[in-house]
Each structure stands twice: as C-alpha cells, then as structure tokens.
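The exercises below concern helix packing, nonpolar cores, chain composition and individual residues. Each task is followed by a solution in steps.

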Amino acid sequence: MRFLRRFLTRLANSAARRTQEERLREEIEGHIALQTAENLRAGLSPIEARRQAMLKFGGVEAMKQDYRAERGLLFIENLLGDLRNAGRTIRRMPGLAAVIIVSLAIGIGVNTTIFSWIQVVLFEPMPAVRGAANFLMVEPRAENGGYTGASWLEYHDLQSQVPALRDIVASQMVAFNVGETGRTERTHGQLVSGNYFSALGLKPAIGRFIRPEEAERPGTELVVVISYDYWQTRFRGAPGAVGQKLRVNERELIVVGVAPKDFQGTMVPLKFELWVPATMAPALLGGTRDLEDRSIRAFSLIGMLRPGATREEAQAEFSAAMAQLARDYPEASAGIGGEILPFWDAPRGPQRFLISGLAILQGVMLLLLLAVCGNTANLMLARGSTRQREMAVRVALGAGRWRIVSLVLSENMLLAFLGGGLGAAIAVWGTTALRVAPMIGAFPILFPTRVDEFTLAFAMLLGAACGLIFSAAPAVHLARLDPQEGLRSSSNTPPRGRVRKVLMGVEVGLAMVVLIAAALFLESFRSARQTDPRFRPEGVLLAAYDLSGRNPDEASEREFAARLLERLRSLPDVEAAAIATNVPVDLHGIPRRSFTVQGRVRTEAGQDRAISNTVTPGYFKVMGIPLLEGNDFAEMRDKTAPAQAIVNEEFVRHYLNGEDAIGRRIQRRPGSFAIIGVAGNSVYDAFGEPAQPAMYFSYRDLPEEQGEIHLRTRSGKETALTSEARAVLRDLDPMLPLYDVRTFSQHIERNLYLRRIPARMFAVLGPLLLGLAAIGIYAVVSYAVARRTREIGVRLAFGATSGRVVLQIIRENLGAITGGTAIGWVLALVISVRVMTKGGVNLPVFLGVPAILLGVATLACWIPARRASRIDPMAALRHE
Amino acid sequence: MMVLKTLDVLGPQHGYGIARRIEQISGDLLAVNQGTLYPVLLKLEQEGAIASEWGASENNRKARFYRLTREGRKQLQAETKDWEQTAAIIARFFDAKAEDLP
C-alpha cells in the first residue's frame with residue numbers, strides 16, 4: 001500500500017519536474033541560510049559561517065541526484081529518454097530505417113497472415129461456432145482407405161453406441177434448385193439431423209432452428225433454416241422472412257429461422273445457404289432411399305467429446321460399434337471400420353492439405369524473417385561501429401553498461417515495433433485478400449480467415465523477438481567497449497568486422513536454402529502440371545444439368561440424356577458430345593465403388609474397389625482417351641445389348657494380372673456387367689498421380705439424374721458453344737438450369753487453385769528474398785566502404801586504379817558470401833535428398849540458383865565499391 | 001524514525017530544525033551531512049507519513065515546514081513498538097549471564 005502510494009507519487013513527479021527542482025533549490029538555500037545565521041551567532045565571520053554551513057550540508061549536487069532518484073522513477077525516465085533519443089537517431093537515418101522497417105514489416109506481415117490462417121484451420125474451424133476445434137470427425141472408413149461417410153440408419157445406431165461423444169451430428173451437402181420453375185437458381189445446403197444446431201451451440205439470428213422432432217419422421221416437416229447472408233441478399237434482412245415460403249426443388253418449404261452471422265455450415269470452407277431436416281431427403285431428392293438404405297453412405301458425422309472422455313476412448317467405442325455393425329449388416333457394412341479425426345485432419349475438404357502446406361510455408365517464412373533479422377543486425381552492427389566514439393564518450397561520462405545496452409535496445413525495439421505495426425497492417429490486408437477466394441468446382445467457398453487480437457499479438461511478439469535478435473549483437477558489442485580504446489581509435493582504423501561477415505554469410509546461406517526450396521517447389525508444381533493427363537482437356541466445354549427434384553424414373557433419365565446428346569451432336573460446331581457423372585481432377589474426388597470381377601479371387605476379407613464413372617457412348621472420343629481393345633458402349637437407345645463396362649489398363653494389370661479382360665463380367669450393384677473394352681489410363685484425381693484402376697459404366701445401363709455434359713468443339717473455341725448448349729437444354733426442358741458451365745481448362749485451374757497458392761507465394765517470395773539478401777549485402781559493404789574512405793583515398797593517391805580498388809572490395813566480401821552460399825547449398829541438397837525421395841537431384845535448380853544468387857551478391861558488392869573507388873583522394877584524406 | 005519522532009515532539013518543523021534537533025539529541029554523535037536529510041524527507045512525504053507546506057521561519061525566512069500526518073503518527077507508533085520489542089530482546093541478551101541458562 002505504502003509502496004503503491006509512493007510509486008504513484010513518483011510517477012506523477014516524473015511529469016512535474018521543473019517546479020520540484022525549484023522547490024528543492026529554495027529549500028537548500030533556506031537551510032544553508034539558517035545554518036549560516038547560527039554560525040554567525042556562534043561568532044564566525046560571515047564568509048567562514050557560510051563555508052561551515054556548506055560543509056555541514058555536504059555535497060549539494062550528489063544530494064540533488066539522490067533527491068531526484070528518490071523523487072521520480074529513474075527507470076521510466078531513462079526509458080523515455082532512450083526512446084526520445086531513439087526517435088532522434090532514427091530520424092537521422094531515414095533511408096536505413098525505412099529499409100529496415102519495410103523489410104521487417106513484410107516478414108512479419110506474411111508470417112502473421114499465414115499464422116492467422118493456421119489459427120483458423122486449427123482452432124476455429126467453423127466460424128460462429130464456439131469451441132469448434134473440439135469437434136471431431138466421425139468417419140467410417142473402408143479397408144482400402146477411402147472415407148465412405150455414414151448412412152442415416154448407421155448414424156442412429158452410432159448415436160447411442162459411442163458414449164464418449166456427446167452429440168453426434170449428421171449432415172449431407174446437397175445442391176438445391178431454389179425458385180419458381182423457369183427461374184431456378186442452384187443453391188447449396190445441408191440436410192441435417194435434428195440436433196444439428198443445438199449441438200453446435202448456435203442461436204438463431206431470428207426465428208428458430210430445426211426442432212429435433214422435425215428430423216424424425218420422413219418427409220413431413222417442410223421447414224428450412226437460411227443463412228444470414230442469404231437472408232440479407234434474398235430477403236433484404238427483413239424480419240418478415242420468417243414464415244415465408246421458399247420453393248426448393250419444387251417443394252414449398254417454410255423459412256423458420258435465420259442462422260447466426262458468419263455461420264457457413266460444418267464443412268468449412270464450403271459455404272452453405274440452406275439447412276433442411278435430413279428426413280426431407282426423399283421428398284426433395286426425388287424419392288431417394290438415403291434414409292432406409294444402409295449402403296447409401298451420404299452423411300458426414302461430427303461429434304464433441306463428453307467432458308472427461310478422451311479421443312482414444314471415443315475411437316475404441318467407435319471401432320467396436322463399427323465392428324458390430326459390420327456383423328449385423330454384412331451386406332452394407334462389411335469391411336468398414338472407422339476413424340475419429342480432429343477437424344483439421346478432415347479427409348474431405350482442403351484442411352488436411354492446407355495444414356501441411358501452411359506449416360511448411362510458415363517455416364519458410366520464419367526463415368525469411370530470420371534473414372531479415374540478420375540483415376538488420378548487420379546494418380545495426382555496421383552503424384554501431386561508426387558510433388563507437390559516441391558510445392565511448394557516453395561510457396566515459398559515466399553511463400553504465402546496462403544504460404548503453406538499453407540505449408541500443410530501445411533504438412532497435414522502436415524499429416522492430418514500427419515494423420511489427422506495419423506488418424500487422426499488411427496482415428490485415430493479406431487476410432482480406434485471402435477471403436476473396438474464387439468458386440471451386442460447383443461449390444462456393446469462403447475461407448473464414450480474419451485478424452483478431454491473437455494474430456496481432458503474434459505480430460507484435462514476432463516484432464519483439466526480431467528486435468531482441470537483431471539488437472543482441474550490436475548491444476553486446478558496444479557494451480563491451482573500452483572507453484579509452486573507443487576514444488583513441490577514430491573511425492579511420494576500422495576493426496575487422498568478422499561478426500558482420502559471418503552474419504552476411506549466414507543470411508546468404510538462408511536465402512540460398514529458401515530460394516532452392518522455392519525453385520524446387522515451383523519446378524515440381526510445373527512438372528506436375530506438364531505431366532500428360534492422358535486425356536485432352538483443350539477444346540472441351542463442361543456444363544452440368546440436374547433432373548433431381550423432377551423425380552424422373554430411369555427410362556426418362558435415359559431418354560433425356562439420349563435426346564440431349566442428339567441435339568448437341570447436331571450443332572455444327574460440336575465435334576463430339578458425351579455425358580458423364582464425374583469429371584476428373586475435381587477437388588472433391590471421383591467415387592470408388594466396390595465390385596467383384598470374374599477371374600479374380602480375393603484372398604483377404606473385404607472388397608475390391610476402383611474408381612467408377614458412368615458415361616455415355618462417345619465419352620472416350622470427347623476426352624481423347626484411347627480405346628486400346630474392344631469397342632465403345634452401345635448406343636443409348638439400344639435395348640438388346642447386355643449391360644456393359646469398360647475398364648482401364650491399370651485395372652487389367654492390377655486385378656486381372658494383365659490377362660485378357662474382354663468378355664469377363666464385373667459384379668456390382670445393381671447387377672452384372674460384361675467388359676467390352678479396355679481404355680488407356682488417364683489422370684483422375686491429380687496431376688502426377690500413379691495410375692489408378694478405373695471402371696466405366698454406361699449411362700444406358702445406369703442412367704442418372706445428374707450429368708456433366710462434355711462437348712468437344714471443332715473450332716477450338718469451346719466458350720462459343722455456351723449459348724447454343726443453353727438453348728438446347730431450354731428447348732428440352734424450360735425449367736431446368738444449365739449450371740457450372742466452364743471449359744475443361746478452367747475446371748482444372750479452379751481445382752488446382754489451392755495447390756497454386758503456395759506455389760504463387762513461393763514465386764513472389766523467392767525474388768523478395770533475393771532482394772532482401774541483396775539489400776543486406778549492399779548495406780554492409782557500403783558501410784564498410786564508407787568507414788574506410790581514408791584508406792581507399794590513400795590507395796588511390798598511391799596510384800591504385802579504381803578497378804583494382806573495386807576488385808579488392810568485392811574479393812574481401814565475396815569470401816563470406818561464397819561460404820554462406822556453399823553451406824546453404826549443401827543444406828538444401830541434404831534436405832532435398834531426404835524429403836524428395838523420388839526423382840533425384842534437380843540439377844538446373846541446384847546449379848542455376850547459386851549462379852543467380854552469386855551474381856546478385858556480386859552486383860550488390862560492386863555498386864558501393866564502385867562508388868567508393870570514385871572518391872577524390874584529396875577529399876578523402878582531408879575527411880575529418 | 002528519528003525524523004518522525006522529532007516532528008512528533010516538536011510539532012511542525014523545517015528541514016534545518018529537524019537536522020539541528022537530531023544533532024542535539026544525539027549529542028552531536030550523529031553528525032552526518034545534513035543534506036542527506038532531504039531525500040529521506042521526500043521519501044516520507046511520498047509515503048504520506050509527513051506533509052509539508054511553505055511557511056516563515058523564526059527570522060522570517062521562507063522555509064518549508066514538515067508536519068506529521070495521522071498516518072505518520074500511526075507509523076511512528078508501530079515503529080516505536082517494534083523498536084522497543086527489538087531493544088528489549090537485545091537487552092535481555094546482554095543481561096543474560098551464563099548461570100542463568102538452564
């Protein structure tokens with residue numbers, strides 16, 4: 001208490017300095033006058049009386065110091081003084097300070113942006129849902145490693161059989177056609193279990209959510225919850241939206257509530273607008289058997305751990321439950337186990353890929369920041385040695401070691417925090433830029449990244465860490481200074497800057513590692529892009545249609561596809577046309593189906609699975625996939641031919657040991673299919689993937705409500721076909737929207753978008769880092785040169801040519817640079833051999849990058865060296 | 001404490017007065033530099049044990065007078081008690097003779 005009071009008063013006194021000083025002076029005067037008077041009375045002469053009084057009082061100045069120390073807070077006053085001083089120092093070197101602050105800001109900004117992203121993916125995977133990171137994915141998993149999803153009935157069984165999980169929530173993503181016929185709009189939503197909103201702990205913005213009982217009985221509860229954005233755009237945020245009717249897949253649903261702001265569903269970064277009870281599935285999706293058929297595994301499950309339960313318990317219970325289900329329903333569940341996964345490790349969606357990519361990126365960025373720190377340390381050290389004299393004077397005048405260190409620290413910390421502040425601003429901008437992500441495939445995607453107090457704290461922490469790192473060396477260097485030494489040696493006899501050179505070498509080495517990593521990354525990305533997909537995406541237009549909601553039967557689906565193809569093929573510009581259920585290189589993957597094939601006996605339990613795509617005749621022609629053996633599928637209206645299948649080379653190799661495939665039969669639900677042809681392997685999921693076994697079935701045998709129209713143009717201008725294709729579809733059915741129209745190249749680009757982000761960042765960063773290294777070298781060399789002006793002047797005066805001087809300076813500095821480059825090179829080589837197992841050492845990268853780096857480094861040395869060599873010797877010698 | 005006691009006994013005093021008083025009482029044994037008194041006064045004032053205001057000294061000079069506050073008085077009492085206890089204990093140690101020990 002007493003201490004606090006004293007502290008506060010002292011703090012106040014620090015502010016009101018002058019009046020206090022005045023008071024003390026008067027008091028001392030008064031004191032001495034009284035003592036003098038006393039001495040006079042004792043009979044001393046006036047002069048002697050005053051002298052005695054002064055003697056008795058003691059050292060006035062020393063006492064004043066004590067008094068001041070007692071009165072204010074010396075520490076804070078010193079700090080403020082240091083900061084004022086630092087501000088002045090920085091103002092005296094605006095160019096240098098700007099370079100330091102900007103490079104720090106870039107480093108910190110980029111790091112903070114990535115951090116905010118990682119933070120969102122790891123800790124706040126679902127916007128608007130509190131504690132979303134505590135949710136776990138409950139994923140049934142087939143033996144072949146595919147995550148199958150759960151069926152509705154399975155979901156109900158699991159709810160009671162995994163007591164370690166509190167509420168298991170089921171959801172299925174669906175594309176709805178919303179609006180009046182003829183003006184329908186594709187809108188994405190989720191079919192959800194009754195506990196969806198309550199388990200997520202959400203509160204409606206207005207209205208109410210789906211009640212648990214509304215997701216029990218099939219098909220009677222015509223309710224829908226809409227997203228906040230949807231409410232704002234479609235209903236202009238009017239409270240009257242609740243109770244209104246919304247026509248979804250030709251059913252009238254009543255809007256009962258609006259989800260809270262920012263909530264975008266449980267499959268982030270996918271963004272959903274509508275939530276409908278899962279029990280509406282049959283009514284909305286043309287009588288689908290989702291709710292009764294255990295083999296339709298359409299739902300994804302998430303659940304939160306009960307307090308006190310562990311993930312291991314949940315996993316054990318879940319595995320046991322799945323094993324029991326496999327025994328009870330061998331037909332649908334044989335060989336399907338299960339995994340409990342953290343949210344960021346979700347098998348669907350980009351989280352898993354993102355996290356690993358982001359972690360690497362963050363590592364690289366931290367290295368970059370370290371390089372920036374090295375730069376700054378170097379600059380500060382160079383500056384520090386020109387300030388030796390100033391510091392020596394300070395020490396000689398009685399400044400303690402700690403005061404010198406704190407002076408240097410405060411200068412650097414001020415720079416660091418300025419950099420951190422600017423970096424945070426860059427991060428704010430960066431995260432906003434990231435939010436504006438394009439559509440991927442047919443689904444709208446929104447990355448819920450944002451900058452919050454954690455991110456800002458992270459930026460500042462980085463700034464502080466940087467400041468400490470780069471001020472350590474100069475501070476120690478200056479504090480060790482012997483004042484006599486410092487004063488005696490003027491700036492014309494420079495000490496050997498070994499520390500600076502080592503730092504420069506380290507920095508160049510770091511730049512080397514990152515540049516090689518960047519180059520390798522770009523190179524691998526480029527080569528992956530350039531690998532032959534084994535189909536021809538050029539000149540192909542893709543567009544989707546969807547008959548679901550019209551409740552078509554198989555015959556009408558087949559007939560629709562047949563008529564559509566006929567009409568499309570009659571267009572003059574169309575070379576070939578086909579319909580398929582799936583498009584390769586889709587972010588969401590191509591489904592795998594279980595089957596048995598004649599001539600293969602599976603020894604272990606479980607089922608064989610292969611990629612499955614259902615296509616119309618003409619598909620292979622459109623895609624440019626060669627048919628190596630046999631024939632294409634029979635025409636759509638052919639009623640005589642038996643059910644057919646075409647397999648790819650890899651299928652034959654893997655499942656049939658390369659034996660003759662034609663004529664064998666594939667068994668899969670719903671029947672038996674005769675293999676009539678073998679197609680070439682092609683890419684299905686990603687460029688550069690190993691060959692995967694695949695089966696193609698015919699639309700004629702397995703008609704579907706949904707289709708992706710593939711059109712190959714004659715002219716090569718596939719986009720020109722868009723309006724014609726739209727007209728054809730409108731002609732056939734005026735109420736059907738043609739959606740997701742894109743060229744095949746666009747389709748590939750969009751789906752590669754996520755993979756491209758890191759590649760792009762590397763492409764930007766590589767040069768940035770090179771620039772930083774160059775700035776670093778330039779700064780160091782130019783400082784060193786500036787401090788040797790006199791020496792250079794002498795050399796020139798004695799007849800050295802400017803060329804020789806330049807050469808000498810470059811040679812001196814290139815030693816450290818080459819050393820750093822060599823170490824970085826070896827490091828990068830080791831890493832690349834360890835990490836990239838396939839495909840040996842990339843020679844162009846490992847030779848080209850050092851060449852470029854050394855070239856730039858030499859240039860960075862050359863510029864200041866050349867400037868120095870142009871000094872007029874007389875001016876240089878007169879200097880000082 | 002000596003400062004506090006002085007102020008307690010003499011009432012409001014200026015710095016010089018306090019210094020003189022301490023010297024007198026200690027019989028000039030404690031003839032420290034009088035200047036060191038001022039930081040102590042300041043500390044006490046900042047702690048709230050004493051308060052100060054300008055006034056006129058005996059020979060009509062402007063001087064700063066220090067007086068004890070209520071808090072200072074309490075502090076003095078507490079410290080007096082502490083001191084007496086300590087002194088008593090020390091005294092007992094000096095009085096104790098070898099044969100007194102059990």
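The crossing of α7(A) and α11(A) is right-handed, a crossing being left-handed if the near helix is turned anticlockwise from the far one by less than a right angle, and right-handed if clockwise. The model is predicted, with local features requiring pLDDT of at least 70 and side-chain atom pairs counted only at pLDDT 80 or more, while totals for chains, interfaces and linings use all residues. Residues are numbered from 1 along each chain as its sequence is written, and chains are lettered from A and ligands numbered from 1 in the order in which they are written.

**Exercise 1.** Describe the packing of α7(A) against α11(A).

*Solution.* 
Step 1. Helix α7 (residues 152-161) and helix α11 (residues 311-328), both of chain A, have axes 10 Å apart and an angle of about 135°. Axes are lines fitted to C-alpha atoms, for helices over the stretch in contact, and angles run from 0 to 180 degrees between N-to-C directions. Helices (H or I, at least four residues) and strands (E, at least two) are DSSP runs, numbered from the N terminus.
Step 2. The two helices are therefore oblique to each other; angles under 35 degrees count as roughly parallel, over 145 as roughly antiparallel, 65 to 115 as roughly perpendicular and the rest as oblique.
Step 3. From α7(A), Glu154(A), Asp157(A), Leu158(A) and Gln161(A) meet Glu317(A), Ala321(A) and Leu325(A) of α11(A). Contact requires C-beta atoms, placed from the backbone, to lie within 7 Å.
Step 4. Sorted by class, the contact of α7(A) with α11(A) holds three nonpolar, one polar and three charged residues. Ala, Val, Leu, Ile, Met, Phe, Trp, Tyr, Cys and Pro count as nonpolar, Asp, Glu, Lys and Arg as charged, and the others, Gly among them, as polar.

**Exercise 2.** Identify which residues touch the most other members of the largest nonpolar core.

*Solution.* 
Step 1. A nonpolar core is a set of buried Ala, Val, Leu, Ile, Met, Phe, Trp, Tyr and Cys residues joined through C-beta atoms within 7 Å. A residue is buried if 20 or more other C-beta atoms lie within 10 Å of its own, exposed if 12 or fewer, and partly exposed in between.
Step 2. The largest core has 87 residues, of which Ala511(A), Val514(A), Leu515(A) and Ile516(A) touch the most other members. Its greatest contributor is helix α18 (residues 498-530) of chain A, with 17 residues.
Step 3. Leaving aside residues up to four places away in sequence, Ile516(A) touches Ala828(A), Val845(A), Phe846(A) and Val849(A).
Step 4. Another core, of 76 residues, lies apart from it and includes Leu136(A), Phe263(A), Trp275(A) and Leu285(A).

**Exercise 3.** State the secondary structure and burial of each chain.

*Solution.* 
Step 1. Chain A contains 27 helices and 21 strands, and 43% of its 880 residues count as buried.
Step 2. Chain B contains four helices and three strands, in the order α-β-α-α-β-β-α from the N terminus. Of its 102 residues, 26% are buried.

**Exercise 4.** Locate Arg236(A) and Asp740(A), and determine whether each is buried, partly exposed or exposed.

*Solution.* 
Step 1. Most residues other than glycine have a negative phi.
Step 2. Arg236(A) has a positive phi near 50° and sits in the loop between α9 (228-234) and β6 (245-248) of chain A. Arg236(A) is exposed because 9 other C-beta atoms lie within 10 Å.
Step 3. Asp740(A), also not a glycine, has a positive phi of about 55° and belongs to strand β21 (residues 739-743) of chain A. Asp740(A) counts as partly exposed, because its C-beta neighbours inside 10 Å number 19.

Notes: Two residues are in contact if their C-beta atoms, placed from the backbone, lie within 7 Å.
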